[in-house]
Amino acid sequence: PLSELMECGAITPAPLHFVRNHGAVPQLDWHKHRIRVCGDVGKATSISMRKLLSMKAISFPMLMVCAGNRRKEQNMKAQTIGFSWGPAGLSNSVWTGVPLHVLLRNAGVT
């Protein structure tokens, strides 16, 4: 259970969670912002934040790892581009939200 993970320290506390952005954080208007599922789908959809909140959400533990994790060691062998992370670009979190497969299925993706 999630409560046991939290008690044993398997979930990274928020102040210690790694943060990595590849650009400015967008300033979104909650009332205007929409999630669009379009392109090669059966039925293009546009979902408001209010609608998203009304959908069934789930919570589960997840490990998030930066693709550049341990790049510092990689750079010692051959120079790469990007931030020179050591072994710290990962965190355990509890993700809560509407699963992507639900949004895709609503748009006709099978």
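Guide: Welcome! In this predicted model, a residue counts as buried when its relative accessible area is under 20%, as exposed when that area is over 50%, and as partly exposed in between.

Visitor: Is T45 buried or exposed?
Guide: T45 sits in strand β2, which covers residues 45–48. Its relative accessibility is 15%, and the limit is 20%, so T45 counts as buried.

Visitor: Which residues does T45 touch, leaving out those up to four places away in sequence?
Guide: H17 is 28 residues from T45 along the chain, and the C-alpha atoms of these two are separated by 33 Å. For the contacts of T45, heavy atoms have to lie within 4.5 Å. With residues up to four places away not counted, T45 touches I35, R36, V37, N106 and A107.

Visitor: Which residues make up the largest nonpolar core?
Guide: Members of such a core are buried and joined through side-chain atoms within 4.5 Å. The largest one has 7 residues, and they are V37, I47, M55, V98, V102, L103 and A107.

Visitor: And what is V98 in contact with, leaving aside neighbours within four places in sequence?
Guide: V98 is one of the residues of that largest core. Setting those sequence neighbours aside, the contacts of V98 are L52, M55, K56, A57 and L103.

Visitor: Let's move on to P99. How far apart in space are P99 and S48, C-alpha to C-alpha?
Guide: P99 is found in the loop between β4 and α4, and its relative accessible area of 12% is under 20%, so P99 is buried. Not counting residues up to four places away in sequence, P99 touches K56 and I58. S48 is 51 residues from P99 in sequence, and their C-alpha distance is 16 Å.

Visitor: How many aromatic pairs are there?
Guide: Rings pair when their centres lie within 6.5 Å. By this rule, the count of aromatic pairs is 1.

Visitor: Is that pair of F60 and W95 stacked, edge-to-face or tilted?
Guide: The ring centres of F60 and W95 are 5.4 Å apart, and their planes meet at 45°. Stacked would need an angle under 30 degrees and edge-to-face one over 60.

Visitor: Which residues make the nonpolar surface patch of about 240 Å²?
Guide: A patch member needs over 30% relative accessible area. F60 has 35% and W95 has 32%, so both pass that cut-off. The patch is made by I58, F60 and W95.

Visitor: What is the C-alpha separation of M64 and F18?
Guide: M64 lies in strand β3 and is partly exposed, with a relative accessible area of 33%. Leaving out residues up to four places away in sequence, M64 touches H17, F18, G89, L90 and S91. Along the chain M64 and F18 are 46 residues apart, yet their C-alpha atoms are separated by 9.0 Å.

Visitor: One more: which residues does N75 touch, not counting those up to four places away in sequence?
Guide: N75 has its place in helix α3, residues 71–77. Its relative accessibility is 15%, under the 20% limit, so N75 counts as buried. With those sequence neighbours left out, N75 touches T80 and S84.

Key. Residues are numbered from 1 along each chain as its sequence is written. This is a predicted model: local features need pLDDT of at least 70, side-chain atom pairs count only at pLDDT 80 or more; totals for chains, interfaces and linings use all residues. Side-chain values use heavy atoms; hydrogens and water are left out. Rings of Phe, Tyr and Trp (its six-membered ring) pair if their centres lie within 6.5 Å; planes under 30 degrees apart count as stacked, over 60 as edge-to-face and the rest as tilted. Buried means under 20% relative accessible area, exposed over 50%, partly exposed in between (1.4 Å probe, protein chains only). Helices (H or I, at least four residues) and strands (E, at least two) are DSSP runs, numbered from the N terminus. Patches are made of residues with over 30% relative accessible area and no salt bridge: like charges are joined within 9 Å, nonpolar side chains (Val, Leu, Ile, Met, Phe, Trp, Tyr) within 5 Å. Accessible areas come from the Shrake-Rupley method with a 1.4 Å probe; for residues, only the protein chains shown count as cover. A salt bridge is a side-chain nitrogen of Lys or Arg within 4 Å of a carboxyl oxygen of Asp or Glu.
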